[in-house]
Amino acid sequence: MTPSEYLEFRDKLGHSSGFQSYQNRVIEFYLGYKTDYILKIYSHEPEIHAQLLEAYSTPSLYDAAIHALHRAGLNIDADVLERKPCITYTANDSVKEAWKEVYRNSEKYWQLYELAEELVDIEDLFQQWRFRHMKTVERIIGFKVGTGGSQGVNYLKKVLDQYFFPELWQLRTEL
Ligand code: HEM
């Protein structure tokens with residue numbers, strides 16, 4: 001689709017936008033990126049709201065992985081183990097050191113090592129989607145503001161800096 005073809009119907013979208021995709025937020029919530037404004041958007045749709053709320057308040061896939069590190073005997077700070085699941089995860093040194101131990105002793109911790117690489121695959125694919133979408137948007141509407149009211153491409157570039165599993169990326173520099 002060319003920019004001119006898109007402009008033929010863009011006005012008809014009103015304020016509709018990928019911003020309102022609850023499926024996308026459910027995926028992000030289970031991966032640990034928790035943004036609550038989508039809950040307000042769906043406050044009048046009980047079924048979708050319940051689905052969103054469950055994903056929002058449930059520990060993420062990464063929380064589960066960190067608990068698995070702890071169960072394997074690796075040291076994890078108590079505040080990470082007891083953290084509130086509805087808050088976006090931020091990097092922690094004890095988690096990074098535990099993953100480093102896994103990567104340095106991959107045979108001993110084989111299952112955790114495999115899990116880590118699967119998580120990196122997921123994040124990599126998600127980021128590729130974000131990048132492809134951002135470039136498509138730049139190609140079609142340049143730097144216009146989005147129909148959802150964001151700063152368009154500049155907003156989408158900012159989201160690219162968000163990591164679901166930060167320590168799994170950081171450790172590569174330190175191995
Ligand atoms: C001409 C094609 C497209 C344009 C110009 C476009 C534009 C945009 C813009 C500007 C945003 C930022 C929010 C806003 O202010 O509206 C956005 C967000 C989003 N779009 Fe698109 N989009 C396009 C195609 C698609 C397609 C094909 C999908 C899914 C299959 C999609 C899914 C999303 C999602 C999930 C978001 C939220 C991203 C986030 O908040 O991280 N978009 N889009």
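How many nonpolar, polar and charged residues does the shell around the ligand have? Keep that question open while you select the whole chain, which is a predicted model in which local features need pLDDT of at least 70 and side-chain atom pairs count only at pLDDT 80 or more, while totals for chains, interfaces and linings use all residues. Residues are numbered from 1 along each chain as its sequence is written.

Colour by secondary structure, and you will find ten helices and zero strands, where helices are DSSP runs of H or I with at least four residues, strands are E runs of at least two, and both are numbered from the N terminus. The C-alpha trace spans about 60 × 35 × 20 Å along its principal axes.

Next, select Tyr62, Ala98, Trp99, Val102, Leu112, Ala116 and Leu168, which touch the most other members of the largest nonpolar core, a set of 15 residues. Such a core consists of buried Ala, Val, Leu, Ile, Met, Phe, Trp, Tyr and Cys residues joined through C-beta atoms within 7 Å, buried meaning that 20 or more other C-beta atoms lie within 10 Å of the residue's own, with C-beta atoms placed from the backbone. At least two core residues each come from α5 (61-71), α7 (93-104), α8 (110-141) and α10 (166-174), and α7 gives the most, with four.

Finally, move to the ligand, which 20 residues surround, the closest being Ser17, Gly18, Gly146, Gly148 and Ser150; a residue is near if its C-beta atom, placed from the backbone, lies within 6 Å. Helix α8 gives the most to this shell, with five residues. By class, the shell has eight nonpolar, twelve polar and no charged residues, with Gly counted as polar.

How values were computed:
Buried ≥ 20, exposed ≤ 12 C-beta atoms within 10 Å, placed from the backbone.
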